[in-house]
Amino acid sequence: NNCANGEDEDNCGSCTFEDGTCGFTNSDDDTFDWSRNSLGDVKFYSGMPADHTIPAADDDALHFPSISTKNFVKTKSNVPSLTDLTVCVWAASNDKDSKGYMFSYATADSSSNEIIISALNNVNTAIKGKFQQTQLGLNDGGWHHICLSWSSGSGLLIVYADGAEAKRFTDTATGSTIKSGGTVVLGQDQDKLGGGFQLTQAYTGKLYGVYLWKRVLTLDEIIKFASDCTTSPSSQDTD
């Protein structure tokens, strides 16, 4: 009977645990203790495996606190074959020297990563191994909204920073197709599918709100998304 009103916990009612413990209390006279927390640092093999609170503050971001081959997030995605795409991410870092990677997508039969976005001190991008250098320096420790859009038909790759077009590149992997069924890794480049990580390719900083769309977003959509991190364009075409 651990509810605030003394009733059994099955009758405590609906609660999200966002603003407290919902009337539940921890008992000190047993062998199991619990507490309410949110995920602060990216940790593997120990600690909370994921943050289940509603993203609302800096502490809800993914933290990559140091250069390490163990600081990464990996997921087997349901990405389909793509001839048009947009990738967006909120990022913050004050690393002046890192050549690490914020985002990589690779497949088992690819000779290189299908999609790459590098660290904030330069923000290099690549589609199908075709690298483009933006020379953007956004590693000032503040939050920045980074997007890249690409269309196979035209080969046009556009990089956006904080809701504005920063660089555009023509003839980028024109006529190519991003392969389906690969693995997304945050914080590292993939020298082999889901692995092959190197210290020199480790990202240090924070990431939040990573999205991949199977279409090219409009500038108006990107401006709106960059001005409000709690909303995003239609999730119907999001992976």
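## Worked exercises on a predicted model

Thr107 counts as buried at 5% relative accessibility, where buried means under 20% relative accessible area, exposed over 50% and partly exposed in between (1.4 Å probe, protein chains only). Welcome to a few exercises that start from this residue. The model is predicted, so local features need pLDDT of at least 70 and side-chain atom pairs count only at pLDDT 80 or more, while totals for chains, interfaces and linings use all residues. Residues are numbered from 1 along each chain as its sequence is written, and side-chain values use heavy atoms, with hydrogens and water left out.

### Exercise 1: Thr107 and its surroundings

Find the place of Thr107 and list its contacts, leaving aside neighbours within four places in sequence.

*Solution.* 
- Step 1: start with the elements, where helices (H or I, at least four residues) and strands (E, at least two) are DSSP runs numbered from the N terminus. Thr107 sits in the loop between strand E4 (101–106) and strand E5 (115–118).
- Step 2: apply the contact cut-off, heavy atoms within 4.5 Å. With those neighbours set aside, Thr107 touches Glu114, Lys179, Ser180, Gly182 and Leu193.
- Step 3: check the C-alpha distances. Val184 is 77 residues from Thr107 in sequence and 9.1 Å from it in space; for Lys192 and Thr107 the values are 85 residues and 8.7 Å.

### Exercise 2: Lys192

Is Lys192 buried or exposed, and which loop holds it?

*Solution.* 
- Step 1: Lys192 belongs to the loop between strand E11 (183–186) and strand E12 (205–213).
- Step 2: the relative accessible area of Lys192 is 57%, so this residue is exposed.

### Exercise 3: two positive phi angles

Work out where Asp162 and Ala173 lie, and give the phi of Asp162 and of Ala173.

*Solution.* 
- Step 1: recall the background. Most residues other than glycine have a negative phi.
- Step 2: Asp162 is not a glycine, yet its phi is positive, at about 55°. Asp162 lies in the loop between E9 and strand E10 (164–169), and is partly exposed because its relative accessibility is 41%.
- Step 3: Ala173 also has a positive phi, near 50°. Ala173 lies in the loop between E10 and E11, and its relative accessible area of 14% makes it buried.

### Exercise 4: the whole chain

Describe the order of the elements, the burial and the confidence of the protein.

*Solution.* 
- Step 1: the protein has 1 helix and 12 strands. From the N terminus on, the order is β-β-β-β-β-β-β-β-β-β-β-β-α.
- Step 2: of the 239 residues, 42% are buried.
- Step 3: take the contacts with a separation of 6 or more; residues 24 or more positions apart account for 58% of them.
- Step 4: turn to pLDDT, the predictor's confidence in each residue, from 0 to 100. The mean is 81, and 71% of the residues reach 70 or more.
- Step 5: compare the elements. Confidence is lowest in strand E2 (residues 73–76), with a mean of 89, and highest in strand E9 (residues 156–161), at 97.
- Step 6: Over residues 39–57 pLDDT stays under 50, and the model has 33 contacts beyond four places in sequence for them.
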